[in-house]
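Visitor: I have a chain to look through. Could you take me around it by question and answer?

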Amino acid sequence: MSLQQQDEWELINDDGFVYNCNKRIRLQTTAITSVPPLDPLIEEKNRKNRRKIALLNLKQKYQAEIFRWELLSNTLRALNFQTQNVEKGFEKIDLGEKGHELSDVDQSPSSAMKLKGK
């Protein structure tokens, strides 16, 4: 690069933000040689292979996502089951305390008859 090319600036407008930048070297597109077309059967085979690989990658991605959702769902079910068991345990404790309070006074029908009979 010559000194003159290094000093050249390019005005760039990036969505309303305008700034100066060193000028980029542009490649000439006419110098690129074109690739001769391949056999249509080979092109079709390559296209199918690329599509198959892309679909297999997509399948792996979705399988991993499905696995994570199933893990999350199973964890949520287990937490709900544990919560229900804990709530049932609290109900049993509450009933047991009430039953314990009742046993101190003993208000069963048989004890009421004994008290009347005395």
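**Elements, contacts and surface**

Guide: The chain holds 3 helices and 2 strands, taken as DSSP runs numbered from the N terminus (helices H or I, at least four residues; strands E, at least two). This is a predicted model: local features need pLDDT of at least 70, side-chain atom pairs count only at pLDDT 80 or more, and totals for chains, interfaces and linings use all residues. Residues are numbered from 1 along each chain as its sequence is written, and side-chain values use heavy atoms, with hydrogens and water left out.

Visitor: In what order do the elements of the chain run from the N terminus on?

Guide: Read the elements from the N terminus. The order is α-β-β-α-α.

Visitor: How many bridges join strand β1 to strand β2?

Guide: Strands pair if DSSP finds at least two bridges between them. β1 covers residues 9-14 and β2 covers residues 17-22. They run antiparallel, and the bridges between them number 6.

Visitor: Which residue in the turn of the hairpin has a positive phi?

Guide: β1 and β2 form a hairpin with 2 residues between them. A positive phi of about 55 degrees occurs in that turn, at Asp15.

Visitor: Are the rings of Phe17 and Tyr19 stacked, edge-to-face or tilted?

Guide: Rings of Phe, Tyr and Trp (its six-membered ring) pair if their centres lie within 6.5 Å; planes under 30 degrees apart count as stacked, over 60 as edge-to-face and the rest as tilted. The count comes to 1 aromatic pair. The centres of Phe17 and Tyr19 lie 5.5 Å apart and the planes meet at 40 degrees, so the pair is tilted.

Visitor: Is Phe17 buried, partly exposed or exposed?

Guide: Buried means under 20% relative accessible area, exposed over 50%, partly exposed in between (1.4 Å probe, protein chains only). Tyr19, at 31%, counts as partly exposed. Phe17 has 54% relative accessibility, so Phe17 counts as exposed.

Visitor: Which residue forms a salt bridge with Glu44?

Guide: A salt bridge is a side-chain nitrogen of Lys or Arg within 4 Å of a carboxyl oxygen of Asp or Glu. The count is 1. Both partners lie in helix α2, 3 residues apart, about one turn of the helix. The closest N and O atoms are 2.6 Å apart, and the partner of Glu44 is Arg47.

Visitor: Over the face of which residue does Lys61 lie?

Guide: The rule asks for NZ of Lys or CZ of Arg within 6 Å of the ring centre and within 35 degrees of the ring normal. Lys61 is at 5.7 Å from the ring centre of Tyr62.

Visitor: What percentage of the residues of the chain count as buried?

Guide: The chain has 118 residues. Leu58, in helix α2 (residues 40-105), is partly exposed at 36% relative accessibility. For the chain, the buried share is 2%.
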